[in-house]
Amino acid sequence: TILRDYAAEDTSVRKWTVFDGPIDALWIENMNTVLDDNMTLCLANGERIKLRAAMKCIFEVQDLEVASPATVSRLGVMYMTPNHMGWKPYVQSWIHRIYGIENADRDDVQQVPEVVRSHLFECFSSTVEKGLSYVRNSCTEPIATSDLNLVVSLCSIFEACFSTTQKVDFGLDSDELIEILEKTYIFAYAWSIGGGIDDMYRDDFDDFMQDTFDSSTVISADMPRRGTVYDNFIDEGEKHQFKQWSSIVPKFKFDAAVPYFQMLVPTESTVQMSFLLKKMLCVNKPTFVTGVTGTGKSVLVQTLLTNLQPSPEEGGMGILPTIIGFSAQTNAAVTQSMIESSLEKKSRTVLGAPVNRKIVVFVDDVNMPTVEEYGAQPPVELLRQFADFSGFYDREKQYWRDVVDTVLFVAGGPP
């Protein structure tokens with residue numbers, strides 16, 4: 001449909017079609033006549049679409065394992081190394097986007113003095129590389145992450161804690177702001193760079209953080225001294241001091257009416273996870289919760305979403321949960337229809353949550369769908385597209401539909 005529409009336009013303006021996702025040996029073979037000198041797309045119904053010279057294709061793929069030599073020889077192949085761009089450009093643009101005075105006319109931008117913004121980037125520059133190196137060389141992760149993935153998580157947790165939910169007064173003088181910023185950065189660093197590592201390495205990572213931040217010439221804030229960095233959070237009511245999680249674990253009240261398997265006894269771990277998931281909701285950040293079978297991932301997320309259902313006036317966040325369980329037989333079309341069934345139609349091309357509400361799509365057992373012959377899991381690819389571009393294609397009329405006010409949470413065991 002996209003190529004047919006482009007071919008019908010008589011213009012010399014270049015048009016790029018991006019194929020983003022894994023290559024499948026079956027459909028990529030159909031592209032061979034498109035990519036050679038014929039520049040013709042031959043469809044199964046006998047239709048032939050002649051491409052114009054201005055039409056170009058990009059295949060954005062992870063690997064070329066199942067692509068045939070015939071396909072590869074028709075393409076210009078460009079390899080991007082993981083450290084080619086690095087994480088610094090992302091952090092610089094994020095600081096400018098969220099805290100830049102130039103963007104002050106936008107509602108979601110906080111006006112932070114230039115000296116504070118520069119200090120924030122120095123915090124990243126002095127500690128991130130050491131942390132990534134330590135995690136790669138001295139720790140293991142149940143779910144493999146990339147360096148940029150961890151840095152983006154650091155930015156998201158920092159943003160949620162510093163500017164979105166904490167009561168930080170940006171009218172304070174720069175020194176006070178910098179002190180709050182540094183403590184928030186320490187908290188975010190522990191739960192992002194060190195957030196995805198195996199439990200057995202947490203004490204070691206705490207030692208690494210104590211050494212790194214105590215010896216840092218950039219960061220002067222004191223590290224938490226009671227317990228590890230994972231045992232403390234920043235309490236906005238206590239002048240942004242570190243406080244232990246154990247002090248806010250609610251007392252368990254037994255309710256005989258609640259079914260046994262839906263009962264959740266609050267512990268430090270459940271309070272930590274609920275706190276972090278709530279923060280991620282505030283910045284609309286898709287989140288992956290992992291752990292071995294039986295650790296209570298599903299119960300924890302479902303309980304949190306239930307507690308956040310009331311509207312903000314009633315003390316909640318106005319969350320409407322949509323819970324989907326994946327199995328080996330789940331396919332992409334069913335996944336899409338289940339997500340769309342919980343959304344309201346805002347306009348022809350926009351779907352979303354009801355007014356003043358936010359829909360959280362929670363996908364349980366995301367690792368379950370059967371892996372196809374060529375290594376892809378279509379339901380997971382659909383979720384990746386949803387997380388990347390906030391939308392889907394309409395499967396019948398084949399146009400793009402944006403999805404607004406909707407956040408994706410997924411849970412799954414290690415591979």
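You're looking at a predicted model, where local features need pLDDT of at least 70 and side-chain atom pairs count only at pLDDT 80 or more, while totals for chains, interfaces and linings use all residues. Residues are numbered from 1 along each chain as its sequence is written, and side-chain values use heavy atoms, with hydrogens and water left out.

**Two aspartates with positive phi**

- Asp-365 isn't a glycine, yet its phi is positive, near 55 degrees.
- You'll find Asp-365 in the loop between strand 11 (358-364) and helix 13 (378-389); helices (H or I, at least four residues) and strands (E, at least two) are DSSP runs, numbered from the N terminus.
- Asp-405 also has a positive phi, about 50 degrees, without being a glycine.
- Its place is the loop between strand 13 (400-404) and strand 14 (406-412), and Asp-405 is partly exposed, with a relative accessible area of 43%.

**Aromatic pairs**

- A pair of aromatic rings is described by how far apart the centres are and by the angle of the planes.
- Rings of Phe, Tyr and Trp (its six-membered ring) pair if their centres lie within 6.5 Å; planes under 30 degrees apart count as stacked, over 60 as edge-to-face and the rest as tilted.
- The structure has 26 aromatic pairs.
- One of them is Phe-124 with Tyr-185, edge-to-face at 5.3 Å centre to centre and 65 degrees between the planes.
- That pair joins distant parts of the chain, with Phe-124 in helix 6 (residues 114-138) and Tyr-185 in helix 8 (residues 174-192), 61 residues apart.
- Both Phe-124 and Tyr-185 are buried.
- Trp-191 and Tyr-230 have ring centres 5.3 Å apart and planes at 85 degrees, so this pair is edge-to-face.
- Here too, distant parts of the chain are linked: Trp-191 is in helix 8, and Tyr-230 is in the loop between helix 9 (202-214) and strand 5 (232-235), 39 residues apart.
- Trp-191 is buried at 7% relative accessible area, and Tyr-230 is buried at 3% relative accessibility.
- Ring pairs also tie residues into a cluster, including Trp-87, Trp-94, Phe-124, Tyr-185 and Phe-213.

**Charges over rings**

- A charge sits over a ring if NZ of Lys or CZ of Arg is within 6 Å of the ring centre and within 35 degrees of the ring normal.
- The charged end of Arg-348 is over the ring of Tyr-399, 4.1 Å from its centre.
- Lys-15 lies over the face of Tyr-6, at 6.0 Å from the ring centre.

Terms used. Buried < 20%, exposed > 50% of the residue type's maximum accessible area, 1.4 Å probe, protein only.
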